[in-house]
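Please walk through this model with the backbone in view.

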Amino acid sequence: MKNILIIGAGDIGYPLALTLSSLFDGSIYVTRNDKSKGFNGLEKTCTCGYDNVKFVKNADVIILAVRPAQLESVLTEIAPYLTEDKVLISIAACKKTELIRSIVGPNVQIARAMPNVGLSFQKSMTFLCFDSKNTNTNFNSASMIFSILGEIEIIPEEMMNAGTIFSGSMPAIMAKLFGSCGKPPRVYLNNGCLETITVIRNILTEITLENGFSNGEEIINQVYDGLYQITTTGGKSFEEVIHDVATPGGCTQAMLTKIDMDEWLRAGLADNYRKIWKEMLQDVIGAGIARLGKM
Ligand SMILES: NC(=O)c1ccc[n+]([C@@H]2O[C@H](COP(=O)([O-])OP(=O)(O)OC[C@H]3O[C@@H](n4cnc5c(N)ncnc54)[C@H](OP(=O)(O)O)[C@@H]3O)[C@@H](O)[C@H]2O)c1
């Protein structure tokens with residue numbers, strides 16, 4: 001595997017390209033759609049452009065980092081150039097392998113991955129699933145790429161929607177809950193509200209376990225470590241993390257809207273606040289998973 005193409009240079013494609021280009025021993029190509037927009041310095045370490053087909057022809061691995069609504073038109077555009085030696089990895093939420101396969105045909109190897117913004121600090125929690133119809137069962141390239149960026153876990157595709165919430169969306173959910181303390185991340189995460197953080201992490205771990213992830217604690221710890229790095233070393237505010245993760249009109253934004261902070265803070269004063277918080281988060285996360293299932 002020598003060349004990786006990342007189609008999409010947005011909130012996740014950009015840091016993905018930037019981080020991989022400093023760690024991967026090969027070439028990284030990046031494309032975006034809007035020719036009026038540049039690549040914000042990515043040109044220093046990646047080969048950048050606007051012509052998907054030209055780069056697909058030379059790529060061994062193609063990572064699709066476009067929005068779910070943009071996926072089908074990109075797949076249609078590149079499908080004629082996807083030979084059986086190429087690996088196609090979609091990180092688009094909720095778009096199933098069956099749909100991707102129906103557009104690209106029987107030969108290309110398909111994987112889905114769900115990383116998160118922690119990848120900037122090699123702290124992503126990435127869930128992966130592979131198409132059982134792949135003719136070549138060597139999945140090393142997809143696993144290898146995302147191992148560079150943090151922890152990986154291979155799961156059945158039926159769990160990918162839940163995986164999307166516990167990986168992709170989770171930094172924003174944590175950022176919203178931790179931000180309720182009203183302190184900047186560095187203060188909050190280093191010495192403020194430690195009890196609140198611990199309770200929230202424990203509740204999220206329980207919910208992750210209840211959704212079938214037997215390593216729920218490791219998953220939540222990894223997402224937390226990623227958020228910690230982004231907001232301390234990376235200097236981002238909780239609001240900036242939320243902005244990077246929550247696409248307008250997407251599932252994460254819908255879940256965040258459902259977390260009523262007034263109710264959350266009021267519940268924090270009750271004796272049984274832990275139980276109330278858990279029920280609220282179960283409700284929000286359950287609705288998020290159900291919403292992805294219908295998209
Ligand atoms: N954000 C996250 O934390 C996160 C985490 C895990 C997975 N994901 C998934 O990753 C995908 C991208 O999310 P995002 O937040 O990065 O969205 P985004 O910020 O809107 O970025 C989308 C990117 O796709 C590019 N694009 C659109 N059509 C294209 C085309 N025909 N050819 C080449 N590039 C094209 C856009 O280019 P222009 O701007 O030039 O139009 C833009 O750079 C989504 O499917 C999402 O489910 C996101």
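Two residues are in contact if their C-beta atoms, placed from the backbone, lie within 7 Å. Helices (H or I, at least four residues) and strands (E, at least two) are DSSP runs, numbered from the N terminus. This is a predicted model, in which local features need pLDDT of at least 70 and side-chain atom pairs count only at pLDDT 80 or more, while totals for chains, interfaces and linings use all residues. Residues are numbered from 1 along each chain as its sequence is written.

A residue is buried if 20 or more other C-beta atoms lie within 10 Å of its own, exposed if 12 or fewer, and partly exposed in between. Helix H1 (residues 13-23) has 8 buried residues out of 11, so it is largely enclosed by the rest of the structure. Among the buried ones are Gly13, Tyr14 and Leu20. The buried residues of H1 pack against strand S1 (3-7), S2 and helix H5 (140-148).

Around the ligand there are 30 residues (C-beta, placed from the backbone, within 6 Å). Gly8, Gly10, Asp34, Ala92 and Ala93 come nearest. Helix H3 (68-78) and helix H10 (238-245) are the elements that give two or more residues to this shell, and H3 gives the most, with 3 residues.

Two non-glycine residues have positive phi. Asparagine 40, at about 50 degrees, sits in the loop between strand S2 (27-31) and strand S3 (47-49); it counts as exposed because it has 10 C-beta neighbours inside 10 Å. Cysteine 94, near 65 degrees, lies in the loop between strand S5 (87-90) and helix H4 (97-104). Cysteine 94 is partly exposed, because 19 other C-beta atoms lie within 10 Å.
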